[in-house]
Amino acid sequence: MEFKRVEITPEADKLLQELKQKHGEVIFHQSGGCCDGSSPMLLPKEDFYIDENDILLGEVGGVKFYMSHDQFEYWKHTHLTVDIIKGRGGSFSLDIPTGYRFLIKSRMLNDEENKNLNP
Amino acid sequence: MSYSAPKFKEKYGNFINGKFQDPIDGEYFENHSPVDNKLLAKYPRSNEKDVKAAIEAANNAKHEWGNTSASERAAILHKIADVIQENLETFAQMETADNGKSIRETMNADVPLAVDHFRYFASAIRAEEGSATELNENTLSLIINEPLGVVAQIIPWNFPLLMLAWKVAPALASGNCVVLKPAEQTPASATFLAEKIADLLPPGVFNVVHGFGPEAGKPLASSPNVDKVAFTGETTTGQLIMQYASKNLHPVTMELGGKSPNVFFNSIMDHDDAFLDKCIEGAVLFAFNQGEVCTAPSRILIQEDIYDEFIKRVIERTKAIKMGNPFEESTMMGAQASSDQHQKILEYIKIGKDEGAEVLAGGDAAKLDGDLANGFYIQPTILKGHNKMRVFQEEIFGPVVAVCTFKDEAEAIEIANDTMYGLGAGVWTRDAHQLYQIPRAIKAGRVWVNCYHDYPAHAPFGGYKKSGFGRENHLMMLNHYRQSKNMLISYDKNKLGFF
């Protein structure tokens, strides 16, 4: 059985595929901090510098999902689902002009998932 | 007393080169009020063309503006302060309509603080000066402060006018031209201010471009024709903006939020007096501005021997928070700024419960009646847990506080510093040693001691760690928007003797 740290709802995936069509290769990076933080940011792949300080949590809809290493330390016991909500968000994320905002839904990982997940 | 949303026009333009201009490609976005989700007005959905026009206007104006005397600039900043003061009620109602926060906060905090900010920097530039130092009997070093030129500023939606004042006042005071992008959730007050001060500033000195981050923010932050980028927001966009600026080797300042500890030592309960009452309020300040403050005291740390007694009083006070129509003067807590924030906060309350946090107060959305049923309201919520839970580590940006206990000073400091952020902190004690030593040990840019959420213009504000760098407020802010020109002058008639 395959375990995943991050998944995506069909509604969010539909928007993601549209944005991929429009913008080409993109990545998710989970943000933290003020205002529109604590939300996933969808960015052009070439725009955002990823290195060993980021952790690849997995792939959703053909898009890699990253988070900074120190943030992951506090998130690693939870499973994430990328969803969307209608509304006016802010930030440089590519979903902003669509009137929808990507959003993270979380649940606790169970023991079996915890044992089998890497990272 | 009850207020209401001011009248808006159907749509507004960008403010470029001293006048309002339609977006070049003719696109607008709708701005809805979080109070009741009704349409307020349309604002330009700008793109790189509009941004380029604004940057060009600013560059055309920078030489003349940069050479105005400090007294001329000060006089203009004082006039801007007067204009905001004269329109205080309209600004306050606009902020409440646009952001959802209660009218008592906009009338008493947001707008008066914005006025004071312009006055502070108007005064500061009259009183400060460069320097002249005689390095030896023949050598004089002069330090002359020069403006950077054109500053790009991207501001958040939690205090729309005040965050504008924090960034715009020192930038103009130090002789820069500004291109400002307000948050797309709260475009109203920046536009209203531009309308009111259009005649006070030479064209091009102050420009406002509306729009979305990826379409208008990106070309502004990545332009080679600005001299600095100042940003308040979240960490991923902060990194992105720094990357754009790195291509141009432009300086940046970043204010990226926090997860601020509010630490209560047992001596606060030595007496049941006015000070203890202040401490209880200090804990409940997590709900100030619906928790949408980058320094929100969103972690309460209580010494374990006073926990039961103190938290009881904090819960009582929290439950007494009056929610309701943000335009009512008696309303203490209004609406969250947008639907996505509202949903995000509810998701955090859920994951907090899943992680095993105990709900001591609130714990759900607040359902209000009538028109407000469509607004975005959350009950002030207290969650008890431990510092490794996600609700203790992530900025929820809502009226949700995470509470834990500590044994002694060492554990208090350890928990307080166990966070990626370091923006604000609070320390509450009657112990003279703790008053100094604990704040020194906490890694945060602003530690409130026996107070919280006070933001005088004269005190520097900014982050440690992932909360960013650079400061806002205070005289030192002027140097964030200036170059130091050094003139090294020799009065020696004799050559070095090398050649």
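How many residues has helix α3 of chain B, and what distance does α3(B) reach from its first C-alpha to its last? In this predicted model, helix α3 (residues 88-99) of chain B has 12 residues and reaches 16 Å, close to the 16 Å expected at 1.5 Å a residue.

**Helix α3 of chain B**

Most of α3(B) is covered, with 9 of its 12 residues buried. Among these buried residues are B:F91, B:M94, B:T96 and B:N99. They pack against a strand, β4 (39-44), and against the helices α2 (70-86), α4 (103-127), α5 (160-173) and α6 (188-197), which belong to chain B as well. After α3(B) comes B:G100, which has a positive phi, near 95°.

**The sheet of chain A**

Chain A holds an open sheet of 4 strands in the order β3-β2-β5-β4, and the pairing is mixed. Each of β3 and β4 of chain A has a single partner strand, so one side of each is left without a neighbour in the sheet. From one strand to the next the twist averages 30°. Strands β4(A) and β5(A) run antiparallel and are joined by 6 bridges. Within this part of the sheet, A:V60 stands opposite A:V63 in β5(A).

Helix α1 (residues 10-23) of chain A packs on the sheet, where it touches β2, β3 and β5 of chain A. The direction of α1(A) makes about 125° with that of β2(A).

The strands of this sheet have the following residue ranges:

| Strand | Residues |
|---|---|
| β2(A) | 26-30 |
| β3(A) | 40-44 |
| β4(A) | 54-60 |
| β5(A) | 63-68 |

Conventions
Residues numbered from 1 in each chain as written. Chains lettered and ligands numbered in written order. Predicted model: local features only at pLDDT ≥ 70, side-chain atom pairs only at ≥ 80, totals over all residues. Pairing = 2+ DSSP bridges. Helix = DSSP H or I, 4+ residues; strand = E, 2+ residues; numbered from the N terminus. Axes fitted to C-alpha atoms, helices over the stretch in contact; angles between N-to-C directions. Contact = placed C-beta atoms within 7 Å. Expected span 1.5 Å × (residues − 1). Buried ≥ 20, exposed ≤ 12 C-beta atoms within 10 Å, placed from the backbone.
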